[in-house]
Amino acid sequence: MKAVLVVHGGAWAIPDELAEASVKGVKAAASEGYRVLGTGGSALDAVEKAVRAMEDNPVFDAGHGAVLNADGEVELDAIIMDGQTLGSGAVSCVQNIANPVSLARAVMEKTDHVMLTSRGANLFAERIGFKTAPTETLVTAYERREWEKAKEYGAGVKELFRSQLCHDTVGAVAVDSCGNVACATSTGGIRNKMVGRVGDSPVIGAGGYADNRSGAVSCTGHGESILKVTLARLIIFHIEQGKEVEDAVELSLRYMDERVHGGGGAIAVSPSGQWAATFTTERMAWAAAEQGTLWTRRGALQRQQRPDWTYDFEEVTGCLGTLTTTAIDEKSCYVTPQQW
């Protein structure tokens with residue numbers, strides 16, 4: 001059974017000044033996660049490792065790069081799910097936590113619950129001795145400036161999402177050498193959101209889902225739209241109905257666009273190792289690792305204006321230690337056109 005890991009750094013209007021750093025960040029996260037799989041580690045450990053790497057990278061809206069809400073505060077959401085047991089843990093609206101994905105895993109493994117929120121999640125973190133971080137260490141100078149712009153801009157959440165004034169989610173999916181799948185998703189939400197707002201990311205079946213019988217999914221995009229169509233579970237449903245992974249993701253994103261006019265993206269992997277990274281927004285940073293090769297989008301993240309809508313791939317050698325490099329089927333990562 002081949003091991004595969006796919007990560008995303010969010011589907012949104014990534015500005016040019018963040019594009020290179022976003023690609024570099026997802027490459028590094030994919031390499032970190034895949035090293036776990038390469039040494040026989042579990043899919044669950046791999047997705048946590050990959051997402052933690054992005055939470056620690058201030059270019060992404062998760063952990064140390066989180067956006068600010070309407071009151072200038074950081075509120076973080078995360079989910080992790082084990083496809084072997086359907087075990088899941090999530091946290092929402094947590095503060096002073098640099099790695100909410102690991103706190104979500106603690107919820108899964110140390111409580112009888114699936115999600116803890118706000119003060120309750122922080123009290124749980126304190127009770128188990130989970131490491132906290134001062135809020136100021138999670139907020140970059142760039143985010144402070146952009147938050148001020150967002151306040152001046154005066155737009156709603158949906159308008160902010162479509163602009164370059166907004167960050168988005170990070171996530172990872174994996175299948176290990178035993179055929180077990182897992183997913184993890186983490187976010188700081190949408191800049192200037194209402195205090196207490198929770199999007200799709202920590203909600204099972206919306207921001208992520210994993211089941212060994214079908215596959216694993218991590219979603220990104222406009223959270224309210226993703227919640228309305230339960231995007232992650234919708235993708236899994238299409239896989240269960242016999243669709244190829246890339247077709248299942250494309251059909252689900254198309255439905256979300258047509259039904260609720262929502263933009264976003266998703267990464268998915270099947271127990272057999274098929275994978276996809278698809279988006280309908282202007283840009284999405286992503287990377288995938290399998291059989292010793294790291295793949296990502298060449299250039300500035302933009303869609304290819306070609307009839308088949310497939311990606312060109314860039315092979316990155318030397319990123320995965322001594323693992324060998326292999327070829328990949330170009331169709332395994334399918335890009336859908338914005339003009340459906």
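**Exercise 1. Cysteines**

Determine how many disulfides this predicted model contains, and state whether Cys-93 and Cys-178 are buried or exposed.

Solution. Step 1: a disulfide requires a pair of cysteine sulfur atoms within 2.5 Å. Step 2: applying this rule gives a count of zero disulfides. Step 3: Cys-93 has a relative accessibility of 6%, and the limit for buried is under 20%, so Cys-93 counts as buried. Step 4: Cys-178 has a relative accessibility of 64%; exposed means over 50%, so Cys-178 counts as exposed.

**Exercise 2. Helices α1 and α2**

Classify the packing of α1 against α2 by direction and handedness, and list the residues that make the contact.

Solution. Step 1: α1 spans residues 16-38 and α2 spans residues 43-55. Their axes lie 8 Å apart and form an angle of about 155 degrees. Step 2: angles over 145 degrees count as roughly antiparallel, and α1 and α2 are therefore roughly antiparallel to each other. Step 3: the crossing of the two helices is right-handed. Step 4: α1 contributes Val-26, Ala-29, Glu-32, Gly-33, Val-36 and Leu-37 to the contact. From α2 come Ala-43, Asp-45, Ala-46, Lys-49, Ala-50, Ala-53 and Met-54.

**Exercise 3. The nonpolar cores**

Identify the residues with the most contacts inside the largest nonpolar core, and find what Leu-5 touches.

Solution. Step 1: the largest nonpolar core has 56 residues. Leu-5, Val-7, Met-54, Val-91 and Leu-103 have the most contacts inside it. Step 2: leaving out residues up to four places away in sequence, Leu-5 touches, among others, Ala-30, Gly-33, Tyr-34, Leu-37, Ala-46, Val-47 and Ala-50. Its partners also include Val-173, Ala-174, Ala-287, Ala-288 and Ala-289. Step 3: a second, separate core has 38 residues, including Met-81, Cys-219, Val-269 and Phe-279.

**Exercise 4. Helix α9**

Decide why α9 counts as largely enclosed, and name elements that cover its buried residues.

Solution. Step 1: α9 runs over residues 231-240, and seven of its ten residues are buried, so the helix is largely enclosed by the rest of the structure. Step 2: the buried residues are Leu-231, Ala-232, Leu-234, Ile-235, Ile-236, His-238 and Ile-239. Step 3: their cover includes the strands β7 (208-211), β8 (215-221) and β9 (264-269), together with the helices α8 (223-229) and α10 (245-260). Step 4: just after α9, Gly-242 has a positive phi of about 100 degrees.

**Exercise 5. The whole chain**

State the secondary structure content and the buried share of the protein.

Solution. Step 1: the protein has ten helices and 13 strands. Step 2: 61% of its 340 residues count as buried.

How values were computed: Residues numbered from 1 in each chain as written. Predicted model: local features only at pLDDT ≥ 70, side-chain atom pairs only at ≥ 80, totals over all residues. Heavy atoms only, no water. Core = buried A, V, L, I, M, F, W, Y, C linked by side-chain atoms within 4.5 Å. Buried < 20%, exposed > 50% of the residue type's maximum accessible area, 1.4 Å probe, protein only. Contact = heavy atoms within 4.5 Å. Axes fitted to C-alpha atoms, helices over the stretch in contact; angles between N-to-C directions. Helix = DSSP H or I, 4+ residues; strand = E, 2+ residues; numbered from the N terminus. Parallel < 35°, antiparallel > 145°, perpendicular 65-115°, else oblique. Left-handed = near helix turned anticlockwise from the far one by under 90°.
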